[in-house]
Amino acid sequence: MTRVTRTDAVYTWINAGSIGSRYGANPTQLYLQGNGVPADDTLVLIGLGSPIPLGAVVHSAKMYVRNARPRNVSTWMRARALTSNWDAGRVTYKTRPGASTALLNQTVTKATAALDTLWEFDVTTLMQAVANGAATWFGVQLESNAPNNAMGMIRGRYLNHQPTFIIEFSHPVAVPEDLSPSNGGVVGVSQPTLSASFDYSGSSPISAFEVQLDDADDFVSPIWSSGVVSSVSAELDLSNLPVGVTAPPALAAGVLRYWRIRVQNPDGVWGGWSDVESYQYQPRGTLTLTSPTGTVLGSSTASADWTYSGVQEYYQ
């Protein structure tokens, strides 16, 4: 699992009382108030470049801010997801981005808040949606019920107290490819060795895998599963299974059997199932040399004869 602490956020504040004013990117303090008079409200906008790799599994994502003035009565701050682009150096209240509660709508309340109290917001759901490609990351909006800047301000560029994100995630888990056997290929044993390979670029290594077999290619009700097999490579000999794994049902000659595989990374996260592949069993025939046998040849070009109980496709 990867854990990153990001202190490179970009942030600013906007003022409903001065809708055209700009306060610049990353000031030392961010005014935040909401005293019940909408014309006096201020909001804080916080962004972060490339917060999470596409396809990652997010275990935890937290955003932290600190208040720059003490508060001796109950106060809340609310975080919402921004829904459009904004420029911290140019944005105003009039041109502010939209905000949504669909993926982030968290209110944190404190009875009192001393100077530099740490406020934590859980943005895991939003980050996972971004990693899944289901949402676009534009940042977070903060609002508060504190009157007249009594909250007073959120720390910006001051003693490393700027808004901070701490994100724990696993890189995407590779989907197996290049399965063998495949495409209905013939195997000479009824319980062959199954194997797959991976493209590890940008993804996690594996620590385990699972194989499923079925008599149909839809895997609605697989006839067999290996369960979780601990391994750093994806290869399973069906004739020599790990202890505790039950052998799959026997395969009749000439019948297709379908199979697929998925892998697990060291964090216990499963990747997706591979494409379905298939194989069929044809028993190996018996080769019997009939001529020459036990005879001294009088020529170096003598012919040879044999019988083969299977289906012969070629010889060498």
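The side chains of Arg 262 and Glu 210 meet in a salt bridge, with 2.9 Å from N to O. A salt bridge here is a side-chain nitrogen of Lys or Arg within 4 Å of a carboxyl oxygen of Asp or Glu. The pair links distant parts of the chain, since Arg 262 is in strand β19 (residues 256-264) and Glu 210 in strand β15 (residues 208-214), 52 residues apart. Helices (H or I, at least four residues) and strands (E, at least two) are DSSP runs, numbered from the N terminus. Glu 210 is buried, with a relative accessible area of 9%. Buried means under 20% relative accessible area, exposed over 50%, and partly exposed in between (1.4 Å probe, protein chains only).

The model is predicted: local features need pLDDT of at least 70, side-chain atom pairs count only at pLDDT 80 or more, and totals for chains, interfaces and linings use all residues. Residues are numbered from 1 along each chain as its sequence is written, and side-chain values use heavy atoms, with hydrogens and water left out.

Arg 257 is buried at 2% relative accessible area, whereas Asp 215 is partly exposed at 47%.

Seven salt bridges are found in the whole structure. One of them is formed by Arg 80 and Glu 143, with 3.7 Å between the closest N and O atoms. Because Arg 80 lies in strand β6 (residues 75-82) and Glu 143 in strand β9 (residues 140-144), the pair ties together parts 63 residues apart in sequence. Arg 80 is partly exposed at 24% relative accessibility, and Glu 143 is buried at 15%.

Four strands form an open sheet in the order β1-β11-β5-β8, with antiparallel pairing. Two strands pair if DSSP finds at least two bridges between them. β1 (2-6) and β8 (118-122) stand at the edges with a single partner strand each, so one side of each has no neighbour in the sheet. Neighbouring strands are turned by 15° against each other on average, direction ignored. Axes are lines fitted to C-alpha atoms, for helices over the stretch in contact, and angles run from 0 to 180 degrees between N-to-C directions. Helix α1 (residues 124-131) packs on the sheet and touches β5 (57-66), β8 and β11; its direction makes about 130° with that of β5. Contact means heavy atoms within 4.5 Å.

β1 pairs with β11 (residues 164-170) over five bridges, and Val 4 stands opposite Ile 167 in β11. Ile 167 is also the bridge partner of Ala 61; β5 and β11 pair over seven bridges. Five bridges connect β5 and β8, where Lys 62 stands opposite Asp 122. Seven of the 10 residues of β5 are buried, so this strand is largely enclosed by the rest of the structure. Lys 62, found in β5, is buried at 18% relative accessibility. Not counting residues up to four places away in sequence, Lys 62 touches residues including Glu 120, Phe 121 and Thr 164.
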